[in-house]
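Subject: Structure for your review

Dear colleague,

Please find the structure below, followed by an account of what was found in it.

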Amino acid sequence: MHKIALEHPSLTSFTLYADGAKISEGRCCGSIEIDLPRGEIEVWLNPMDKNWGIVPRIRIDGFLVNTYLAGIDVFDHMFKFIFADDFFWRYANMNVASILSSVPAQYRDDEGYISKYFGLSGANTDLVRDIRLILDEKSDFHNNT
Amino acid sequence: MKHVDLNLELQSQLDSHEWQQLLSYCELAKDTLDDHLWNKIAAISIKHVRSHIDEYTAILAFSIFSIYSIRIAGRILPLMRDHFPDLSFLCGGNALSSSIDGSKQIFGEKILHEGWAHNVIYGEGEVALKHFLQGDLLHPGINVANNQQIEDLDSLPFADYRGMDLDRYSGKRLLLTGSRGCVRDCTFCDIATVWPKFRYRSAALLVEEMRKNFYETGIDRFEFTDSLINGSTKNFRKFNELLYDAKQKDPALSGITYSGQFICKQSTNMVPEIYELMHLAGCKQITVGIESFSEHIRFHMRKKFTNADIDYHLEQCAKWALPNVFLMIIGYPIETSEDHAYTLDCLRKYQRFGQMDVISYLRWGLTMHIYEDTPLSKMMDDLGIDAGIHNVRDGLYAWNSILNPGLTLQERIKRRLEVHELSYELGYKMPMVNAELMSLKALAEGLS
């Protein structure tokens, strides 16, 4: 089972819903870690002194998440997001999209720049194949001499 | 004092193919440089140096950074001497202390011997340069490789970036030096020849330098030049505490971030609170020399951390969203096919850390090459390594080991391609892939 952890000094209690069904609720003192089912997740928060608007640190399976990349919508009293099997891939893809959107306009089509500074490169399949061909040729030459 | 950044000028004026050719030549992956390209490099270099020279210019000083700068420096220096015969030439930088041509001669000696410069400064330049300018040529490190390491880094002035056109640099950031030297003595690394002892600056001065340079330039991204920012765990912790504290007191500093090279340590040393402090202080990226996922290889390298230490480190970085760049080496002399298979397994095992940007980048480099002056270069007999007759000089890619005969350069390149393919498939980000593969291709073409 996946886990979600919440952390904020004002957090006093929570309720977690998945696809509209209440899954768990309880009191806590600043932090809590609970099971995270798949589905459309809503976590309702009760802060100390009804000090609404807190944004707790959210960790999923131990990873502190960026709420934007995780697709988490944050409201004053709750946050919600979709948790599915492809959550981690979607997070990675959102990160890549976010990186690409930050590339200065003059470099948007510059693959070398994007590769060098952002680590986003293609598979370079042709180049890999070329290198393998060279290695094979050298190997054949070596074997025949 | 005026400065020219030849790297910047060349990169901005060469096309990507030309730049790649130059890179392969400098990285020793290719032994020749096309005449047309060299003529272009020479013209760009002369033009930009000439544009900074006036009637008051007396000295042309060259900073030659690393072993990868040696080849091109060996061509640019004589060119400059021919074009500016009336000026005094001075060279410095780490590359001067590197051995060349597999001989005992170091590059600084060659520069003097060939008459490419009138004077050289070995080792750290801050104090020696001052003596040089005062006419004291007998100061240690000037023209003789008897340089002494600066004991008190806190006595040096802060870096000053005023007057630099920082807008011309991509990923605008300021460099900061927190330490010199390393607390390890890794077999593949020659840092100990430059800085035999690990020396670090006080945490308070580092934060003060960040504050000063932020207010002078408006740039809030800092990158440490250190071999490792957590060599002294105690000082590193203090630095993070002070930076976080400074941000609390002065909200203008809140956007300051830092990145740097980092060593994976035991959990008893790098306790969880330090990772939290890194997050709070604004650590945006750490570059970690994991080098190999196989523990026995890392211990041979003298890296001194276990697989459990890597897991702990990643767990803490995940907890505080600290992105890592993992530096890796393919084909260390004792690497077996089982080790390689384990590398591939670990890529799968750590995939989620890649997806969540905790392993933000993987850097595979080319393949294992053995520098002169590294501990490994002195262990070649023990490892049964034969450097062969390959005409690549200092960076020996083409070695073989009679104790590990299956690990030929051909095999190392094959393994390198396999990690590239799997890393890509698993979604890891890898900078400069095309450039590295082009250099690998050049290496493959050079196979006998």
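Strand 1 (residues 2-7) and strand 6 (residues 57-60) of chain A pair in the antiparallel sense over four bridges; two strands pair if DSSP finds at least two bridges between them. Within this pairing, Glu7(A) stands opposite Arg57(A) in strand 6 of chain A. The strands belong to an open sheet of four strands in chain A, with the order 4-1-6-7 and antiparallel pairing. Its edge strands, strand 4 (31-36) and strand 7 (63-64) of chain A, each pair on one side only. Strands (E, at least two residues) and helices (H or I, at least four) are DSSP runs, numbered from the N terminus.

This is a predicted model, in which local features need pLDDT of at least 70, side-chain atom pairs count only at pLDDT 80 or more, and totals for chains, interfaces and linings use all residues. Residues are numbered from 1 along each chain as its sequence is written, chains are lettered from A and ligands numbered from 1 in the order in which they are written, and side-chain values use heavy atoms, with hydrogens and water left out.

In chain B, Phe305(B) lies in the loop between helix 11 (295-301) and helix 12 (307-319). Phe305(B) is buried, with a relative accessible area of 0% (buried means under 20%, exposed over 50%, partly exposed in between, with a 1.4 Å probe and protein chains only). Beyond its neighbours within four places in sequence, Phe305(B) is in contact (heavy atoms within 4.5 Å) with residues including Cys264(B), Gly289(B) and Ile310(B). Phe305(B) and Cys264(B) are 41 residues apart in sequence, yet 6.7 Å apart in space, C-alpha to C-alpha.

Yours sincerely
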